Amino acid sequence: MSTILSISASPQPVSSTHSLVTHVNRRLAAAGHTVTTLPVRTLPAASLLTADVTHPALIDAVGAVRDADALVVATPVYQSSYSGLLKVFLDLLPQFALRGKTVLPLATGGSPAHVLAVDYALRPLLSSLGAAHVTPGWFVPSAHIRTFPDGGVLIAPPSLGPVAQVTEEFLATLAGAAGRSGPLPARVDAAAGPRVSPSAGSADLQVHRVDPGDELLRPLLADLVVEYGTRYGRTSPNTTLTEVPPTDFVAPHGAFVVLTEGGRPVAGGAIRRYDATTAEVKRVWTAHRHRRRGLGIRVMAELEAAAVELGYRRIHLTTGPRQPEARDLYLRTGYTPRFDLTADPESIGPLAFGKELVPGAGLAAWTAPDHRPADPEIRGSQPLATVGGAAGWGPDDRRHVHSTAVNGSRR
């Protein structure tokens, strides 16, 4: 495996650029690589501006570039070009300092008008330093990146998929296996195929019921760990998929369903026993290249069919407040929301849904957990809000509720 250095060139301590780097780093680490981050803004300003390469911090930074097998270079875009902070740092490097290295260029900016800065400004700069491969990069509008106080990051779907794709191509180039996941799409942001049938059992995809340790599940589980870790900002049983034992997904009480196309997993999900007549949906996933094809709807149909076969009469599920795509999927597929749709999801915690599989079965019992902090200094003086809303809660209540709900702790 390789050593990868991610250079974050934003001058701000909290920025969309650094949040994007955090997400990409999780994907690289999940592939088994050693990843470190160099926030250029933390280097001593006077030594950086005067090119004092005798300063220990600059010696270490230049050495980190030298020792890395590959680099991620991420910068905000100002006046259609990379940041001045990145320029002064790269000016410290010797000529051809990137010789033999693979580099992934990324950029963020306030306007889509800067989208060509990756190819017309950043890529030539990296090539001039001798990079062996400057892989396809991507520009992410700052409005597509939301950073939470606890370090969580939510990237909007129009950018999340392309970022995952260019990261995968970077990893494939690094491994000397370009195209390892199949033919490359004509466009980085293009779906990998036509829409699929929404009906369970349709012949356009292969449906597999597998054990929790099956190799077909590896990309599904790895991708979910990256996504949850990015969105909720820390390691917890929920973000590492250890909140329930794998045996819960084994018949006769549960099942893992994987959909494949051409032998490759493209989507999947699982059910487990919630109560004697209710299945709980978990682990719903679609491969990033295959989104916008209706696979989420198909997965839900297959999971509902599996639940009926196992004797369940209804479905219960919860999703996190930072998973708007899942929320929209469940609404589209006929699930009843058991929370206030108009409330800020961060003030609710887990978003619960239910659905009857057999008419008249009703919805499973569900009581929204009380995640309001017990500490009076945080709680404030207002009474506890009614289930489904957060009227009367103070700003700290709203800020902390999701951390306890999803991560089991607050910050």
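Trainee: Why is Arg283 called buried?

Mentor: In this predicted model, Arg283 has a relative accessible area of 7%, and since buried means under 20%, the residue is counted as buried.

Trainee: What makes the contact between Arg283 and Glu243 a salt bridge?

Mentor: The side chains of Arg283 and Glu243 meet at 2.8 Å, N to O, and the rule asks for a side-chain nitrogen of Lys or Arg within 4 Å of a carboxyl oxygen of Asp or Glu, so the pair qualifies as a salt bridge. Arg283 lies in strand β13 and Glu243 in the loop between α7 and β11, so this pair ties together parts that are 40 residues apart in sequence.

Trainee: How do you know that Lys282 forms a salt bridge with Glu243?

Mentor: The closest N and O atoms of Lys282 and Glu243 are 2.8 Å apart, which is to be set against the limit of 4 Å. Lys282 also lies in strand β13, with Glu243 in the loop between α7 (218-232) and β11 (255-261), so the pair ties together parts that are 39 residues apart in sequence.

Trainee: Are Lys282 and Glu243 buried or partly exposed, and how do you know?

Mentor: Lys282 has a relative accessible area of 15%, and because buried means under 20%, Lys282 is buried.

Trainee: Why is the pair of Phe249 and Phe256 called tilted?

Mentor: By the rule for ring pairs the count comes to four aromatic pairs. The rings of Phe249 and Phe256 have their centres 5.0 Å apart and their planes at 55 degrees; pairing needs centres within 6.5 Å, while planes under 30 degrees apart count as stacked and over 60 as edge-to-face, so this pair is tilted. Phe249 is buried, with a relative accessible area of 3%, and Phe256 is buried, with a relative accessible area of 3%.

Trainee: How do you know that the buried residues of α9 line one face of the helix?

Mentor: The buried residues of helix α9 (residues 324-332) are Ala326, Arg327, Leu329 and Tyr330. Seen down the axis of α9, these residues fall within an arc of 160 degrees, so they line one face of the helix. What covers them includes β13 (278-286), α8 (295-309), β14 (314-319) and β16 (351-356).

Trainee: What makes Tyr120 exposed?

Mentor: Tyr120, which lies in helix α5 (residues 117-128), has a relative accessible area of 67%, and because exposed means over 50%, Tyr120 is exposed. Together with Val115 and Leu116, Tyr120 makes a nonpolar surface patch of about 350 Å².

Key: Residues numbered from 1 in each chain as written. Predicted model: local features only at pLDDT ≥ 70, side-chain atom pairs only at ≥ 80, totals over all residues. Heavy atoms only, no water. Patch = residues over 30% accessible without salt bridge, like charges linked within 9 Å, V, L, I, M, F, W, Y side chains within 5 Å. Areas by Shrake-Rupley, 256 points an atom, 1.4 Å probe, with all protein chains shown as cover. Helix = DSSP H or I, 4+ residues; strand = E, 2+ residues; numbered from the N terminus. Buried < 20%, exposed > 50% of the residue type's maximum accessible area, 1.4 Å probe, protein only. Arc of directions from axis to C-beta. Contact = heavy atoms within 4.5 Å. Phe/Tyr/Trp six-rings, centres within 6.5 Å; stacked < 30°, edge-to-face > 60°.
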